[in-house]
Amino acid sequence: APAMPAAGARCAGLRRRLPVLRWLPRYSLAWLQLDLMAGLTVGLTVVPQALAYAEVAGLPLQYGLYSSFMGCFVYCFLGTAKDVTLGPTAIMSLLVSSYAFHEPVYAILLTFLSGCIQLAMGLLHLGFLLDFISCPVIKGFTSAASITISFNQVKNILGLQGIPRQFFLQVYETLRRIGETRAGDAVLGLACLAVLAGLRAMKSRLPRAACMESLVARLSYLIVWTSATARNALVVLFAGLVAYSFQVMGSQPLTLTGSIPQGLPAFQLPRFSMAVPNGTIPFRSMVEDMGVGLAVVPLMGLLETVAIAKAFASQNDYRIDPNQELLALGFANVLGSFVSSYPITGSFGRTAVNAQSGVCTPAGGLVTGALVLLSLAYLTSLFYYIPKAALAAVIISAVVPMFDAGIFRTLWRVKRLDLVPLCVTFLLCFWEVQYGIVAGVLVSGILLLYSIARPPIKVSEGDVLLVQLGSSLHFPAMECLRDAVCSHALAASPPRSVVLDCCHISSIDYTVVVGLAELRQELRKHGLSLAFCSLQDPVLKVLLSADLEGFQHFPSREEAERCGGAEAGGGGTAPFTSTSESLLLPT
């Protein structure tokens, strides 16, 4: 009999680590039909986006496709959210362009190392580290990335060559050379942008299919919805046909993508050194070159994936495990590095398409991955005719919604201090992405530590001083509490004893205990006492263990006020009544 619970626990643990076992036994034909439809729809979206995002990463275009299938396969077995799709994204591509120096060898090694770091974080349950990246920092980064990535594609819309990648130089050179714009690229690029914007707006205004009764209305809805959902593929296909027509006629006014190697990537270990004309760059030097990217890339990858998974899990009423998402993402990146992938993460746009297509399980990712493999095996020769202006339009259409102009107004109304990390991150990301993220996290951390070190302190003056902290008590706040108590207790006429209301204090450390003992000694020098009320059990146990001399504790604030009043009255009968003056000390 004891073996049965143990076996059940092992099965539960296996299902937790291998989420595919939760839904596979219940898989049905109805689910298969919906997963097939969703997988095909996402596949039509991911192929043109993958080509475009490789351009953002500064890598040959085939690396976008190499990065688009392994995540789909791995997440099917290890992911906890049915809607999430892993693959290249605009944000991750921008980070790769900063830390891989446009070298595929660096990008693939970054993928491997990022995956190893994410696996280690998942095994050590370090997903909580994401909680220290505040929303203003994320919004500042994504808004700056939206502008940076969009402007990076303006050169392709205009058909300009030799534009530097650094943002400020890019702006200067683009404006200086705007007279060299190629008319064909500009017209096609702007037309593609207009079509993509129109299809996006059309989709957002579609009524629900359930509201339609006639067959014609439902069929019209299906055609419009499919066209709007697969708009990237349709626009790229249309632009490719236009370019091919010009090629056949013997004139080519468009800048084309060019040849892309056909076939699947080799399955091999990533290279841990790189040959250069004057020698070899060893592994240690490559790691040093990547620098802070080895922290930023894994964290931002996890942040995107978990944020997307949580958003869609809350909409569809299921739970996700951040540490399991870490393991899934880590395995996807490690295995992806064996097929020449650059770092991947969850894609919000493709996840939204997946959810709207009615996906039932992560098995939809198998269809998406298979479609990418088929494209690599048989369709790369057709990609030659895709105009760069069309891919640039796809990228700009995808990243413009990431810019959240309303966040500035919202933070101004809610908490203006949060504008500081937002603006620091936003502005510095135009200089270097890593500086913006690190600076934003540091500023957020400083603001958090300041609020811990300077908690609101309420002092009620009566026969004794009743001091109440508005938040928990940590050692950085001890000096602030000490100064507040002493200044009020000794400045009163006559000086008064102090009762510390600890109802908001759930734990204390050794430094706080020492500080309280010193505060009590300082008050005793002036003939005053320090007592405590409303102590929670963990705090009471710590103070009793510290064996403070003359320790006094009252179970409730009311009892402390009565006893304090009796002591002040001298006869033991006068009840203590709280005085009218109450102030909140500035912090």
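## Salt bridges

A salt bridge here is a side-chain nitrogen of Lys or Arg within 4 Å of a carboxyl oxygen of Asp or Glu. The model is predicted, so local features need pLDDT of at least 70 and side-chain atom pairs count only at pLDDT 80 or more, while totals for chains, interfaces and linings use all residues. Residues are numbered from 1 along each chain as its sequence is written, and side-chain values use heavy atoms, with hydrogens and water left out.

The whole structure holds nine salt bridges. In one of them, D404 pairs with K139, with 3.2 Å between the closest N and O atoms. These two residues lie 265 residues apart: D404 is in the loop between α19 (388-399) and α20 (406-414), and K139 is in helix α8 (residues 135-152). Helices (H or I, at least four residues) and strands (E, at least two) are DSSP runs, numbered from the N terminus. Buried means under 20% relative accessible area, exposed over 50%, and partly exposed in between (1.4 Å probe, protein chains only). D404, at 24%, is partly exposed, and so is K139, at 27%.

R182 and D185 form another salt bridge, at 3.0 Å from N to O. R182 is partly exposed at 32%, whereas D185 is buried at 0%.

Strand β6 (residues 465-469) is largely enclosed by the rest of the structure, because five of its five residues are buried. L465, V467 and L469 cover one side, and L466 and Q468 the other. In a regular strand the side chains alternate between the two faces of the sheet.

Two strands pair if DSSP finds at least two bridges between them. Strand β5 (residues 457-461) runs antiparallel to β6 and is joined to it by five bridges; K458 stands opposite Q468. The hairpin between β5 and β6 passes through three residues. On β7 (residues 498-501), four bridges make a parallel pairing with β6, and L465 stands opposite V498.

E461 forms a salt bridge with R496, the closest N and O atoms being 4.0 Å apart. E461 belongs to strand β5 and R496 to the loop between α23 and β7, 35 residues apart. E461 is buried, at 15% relative accessibility.

## Domains 1 and 2

The domain assignment (automatic or from a database) gives domain 1 (22-205 + 230-402), domain 2 (405-453) and domain 3 (457-565). Contact means heavy atoms within 4.5 Å; by this criterion 22 residues of domain 1 touch 17 residues of domain 2. Between domain 1 and domain 2 there are zero salt bridges.
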